[in-house]
Amino acid sequence: MRRFYHPSPLHINQAVELGEDNSHHIGRVLRLTPDTLIIVFDGASGEWVCRIQEISRKTVVVLPLEFSSTLRTPVTKATLALPIIKGERMDMAIQKATEMGAHRIQLIHTRYTDVRLNTERLNKKLHHWQQVIISAAEQCGLNQLPALLPVAPFDSWIAEQQATLGLIAHPGEKPLAQLLPSSPCDFTLITGPEGGFHEDEVASALAKGFHPVTLGERILRAETAPVALLGAIWALWDSAL
Ligand code: SAH
């Protein structure tokens, strides 16, 4: 069944009109027909199986038939702190972090982040990345959207961190498997920009108790490191998923 995000909760047997974007997608792009069953989720509480009742030029009305509170979010909460990466590669990083079940995506501005956006462009980008998160959640079955937190300067952000487990993707001495505690716990993972971290940034993360983590000897691209590390952590802690 196709899945659609609708930002407010539905009620069984109470027909609801979906917004313009979903209506356009269902009616015009996918050309679904009345009586088709779809899934609608509100990004927070679960999902509803709905029957399409009416499709008109601008709106689609659905009838919620059944509710399930399943969320498919990992029980262990992962915060990913990520610098802005150029162009579509940032979309990819955000899409993959969503698929990997990140609980929060914190955007950070580091010294070697070379993407600079004025407020207007940044706001447009934030809106766009929110859509990337929604599409990824629709596709992967996630019913709770990760929070996308606006850009914070690295130095002030790190100063406030009190993570139970903090990891910074940077060549380190201990392999990931030795570094992770045996029982899963909420954690924060920081990955760097194309230009890498400034040594002072690494030093302030270490001073806050973060551990350097490395995955292999190859230099991963800025959009590869978060998905690869999240995947590796979940694999080592498969009970946390
Ligand atoms: N030229 C940069 C490379 C940056 S790669 C440098 O020399 O540091 C972008 C980011 O991906 C890095 O800052 C790091 O956080 C992460 N990364 C790249 N390869 C990695 C690896 N093998 N293990 C863990 N993190 C890695």
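Trainee: Which residue with positive phi follows helix 2?

Mentor: This is a predicted model in which local features need pLDDT of at least 70, side-chain atom pairs count only at pLDDT 80 or more, and totals for chains, interfaces and linings use all residues. Residues are numbered from 1 along each chain as its sequence is written, and side-chain values use heavy atoms, with hydrogens and water left out. Helices (H or I, at least four residues) and strands (E, at least two) are DSSP runs numbered from the N terminus. Helix 2 is followed by a residue whose phi is near 80°, namely Gly101.

Trainee: How far apart are the end C-alpha atoms of helix 2?

Mentor: The expected span is 1.5 Å times one less than the number of residues. Helix 2 has twelve residues (88–99) and should therefore span 16 Å; the separation in the model agrees with this, at 17 Å.

Trainee: Within what arc do the buried residues of helix 2 fall?

Mentor: Buried means under 20% relative accessible area, exposed over 50% and partly exposed in between, with a 1.4 Å probe and protein chains only. The buried residues of helix 2 are Met90, Asp91, Ala93, Ile94, Ala97 and Thr98. The arc is taken over the directions from the helix axis to the C-beta atoms. These residues line one face of helix 2, because seen down its axis they fall within an arc of 160°.

Trainee: What is the order of the six strands in the open sheet?

Mentor: Two strands pair if DSSP finds at least two bridges between them. The edge strands, each pairing on one side only, are strand 8 and strand 11 (211–213). The pairing is parallel, and the order is 8-7-6-10-9-11.

Trainee: Which residue of strand 10 is the bridge partner of Leu80?

Mentor: Strand 6 pairs with strand 10 (residues 187–190) in the parallel sense, over four bridges. In strand 10, the partner of Leu80 is Leu189.

Trainee: At about what angle does helix 7 run to strand 10?

Mentor: Axes are lines fitted to C-alpha atoms, for helices over the stretch in contact, and angles between N-to-C directions run from 0 to 180 degrees. Contact means heavy atoms within 4.5 Å. Helix 7 lies across strand 6, strand 9 (165–169), strand 10 and strand 11, and its angle to strand 10 is about 150°.

Trainee: Is Leu122 buried or exposed?

Mentor: Leu122 is found in helix 3. Leaving aside neighbours within four places in sequence, Leu122 is in contact with Ile84, Leu117 and Val151. Its relative accessible area is 19%, so Leu122 is buried.
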